[in-house]
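Welcome! Please have a look at the sequence and the structure before reading on.

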Amino acid sequence: MKANIKRGKVTMAIAISIACFALVLVMSMQFKIVNQTDITAIENMRETELRTELANWKAKYEETEEKYQETSAKVEEYKQTKQSNEETEELVDTELQQINMTLGKTDVEGEGIEITLRETQDEELAKIKADNLLVIVNALKLAGAEAISINEERIVNMSDIVTINDAFIKVNGQRILAPYVIKAIGNQTYLESGLLGNGGYVDELKKLGYNVSINKSNRLKITKYKDELKTKYME
């Protein structure tokens with residue numbers, strides 16, 4: 001009887017032990033599965049986040065690159081515009097300088113000739129008048145003179161050369177006295193030929209007894225027109 005009870009207790013203990021072992025085994029497997037599932041989910045989540053983050057950075061890079069290209073294009077456009085403006089400004093400055101030189105508003109220098117007329121003591125000869133100077137000036141213009149002055153008064157299209165009361169000469173409204181020095185910049189040969197030989201006016205003056213001389217110069221300086229260029233009727 002005791003032996004049967006003892007055997008029954010042993011059998012129950014073994015059964016409980018097996019049941020406990022089985023329970024522990026099942027729990028262990030469940031924990032392992034849960035653990036594996038969590039890690040996989042986390043890894044999957046990290047990979048998704050990384051992909052999303054990478055896509056965001058790629059989008060930002062593309063946007064930045066696009067803005068960079070746009071900015072570079074604008075900078076290049078500004079450079080070209082600036083260069084074009086500088087070229088235009090330089091061209092305008094050059095043309096303005098040329099216009100001012102033509103109008104007589106700038107000092108100029110170049111090769112040319114210098115004509116000097118001195119009053120003579122011969123009472124039979126008339127005094128030098130504005131008409132004498134005008135003839136010489138016109139002859140120089142016809143010979144291609146690019147700039148002319150009389151006693152440092154620049155001759156321009158609006159210049160006046162007049163005799164006042166047969167007493168003195170005015171150029172550009174300024175009184176000038178003998179000797180009268182006429183400067184002309186241009187081809188020396190042409191300018192001189194326009195005054196000498198074949199009925200040149202300086203030759204005629206010399207034959208009449210006037211004291212007239214011509215000197216060539218490679219560095220002749222003529223000052224600018226000192227007054228303002230004013231117009232009354234042109235707009």
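Which residue is the bridge partner of Ala147 in β7? The partner is Ile185, and the notes below place this pair in its sheet. You are looking at a predicted model, in which local features need pLDDT of at least 70 and side-chain atom pairs count only at pLDDT 80 or more, while totals for chains, interfaces and linings use all residues. Residues are numbered from 1 along each chain as its sequence is written, and side-chain values use heavy atoms, with hydrogens and water left out.

**The chain as a whole**

- The protein chain has four helices and eight strands; these are DSSP runs, numbered from the N terminus, with helices being H or I of at least four residues and strands E of at least two.
- Starting at the N terminus, the order of elements is α-β-α-β-β-β-β-β-β-α-α-β.
- The chain has 235 residues, and 23% of them count as buried, a word that means under 20% relative accessible area, with exposed being over 50% and partly exposed in between (1.4 Å probe, protein chains only).
- Of the contacts (heavy atoms within 4.5 Å) between residues at least 6 apart in sequence, 75% join residues at least 24 apart.
- The accessible surface is about 17800 Å², and 54% of it belongs to carbon and sulfur atoms; such areas come from the Shrake-Rupley method with a 1.4 Å probe, and for residues only the protein chains shown count as cover.

**The five-stranded sheet**

- Five strands make an open sheet in the order β3-β2-β7-β1-β8, with antiparallel pairing; two strands pair if DSSP finds at least two bridges between them.
- At the edges are β3 (153–154) and β8 (211–222), each of which pairs on one side only.
- Strand β1 (residues 108–118) is joined to β7 (residues 180–185) by six bridges, and Thr116 stands opposite Val181 in β7.
- β7 is also joined to β2, by four bridges, and these two strands run antiparallel.

- β2 pairs with β3 over two bridges, and Ile150 has Glu153 as its bridge partner in β3.
- The two strands form a hairpin with two residues between them, and Asn151 in the turn has a positive phi of about 50°.

- Val137 lies in helix α2 (residues 130–142) and counts as buried because its relative accessible area is 2%.
- Leaving aside residues up to four places away in sequence, Val137 touches Ile148, Ile150, Ile155 and Ile161.
- Val137 and Ser149 are twelve residues apart in sequence and 8.8 Å apart in space, C-alpha to C-alpha.
- In helix α4 (residues 201–208), the buried residues are Tyr201, Val202 and Leu205.
- These residues are on the same side of α4 because they cover an arc of only 100° around the axis, taken from the directions from the helix axis to the C-beta atoms.
- The cover over the buried residues of α4 includes β1, α2 and β8.
- After α4 comes Gly209, with a positive phi near 110°.

- Leu229 is in the segment after β8, and it counts as partly exposed because its relative accessibility is 33%.
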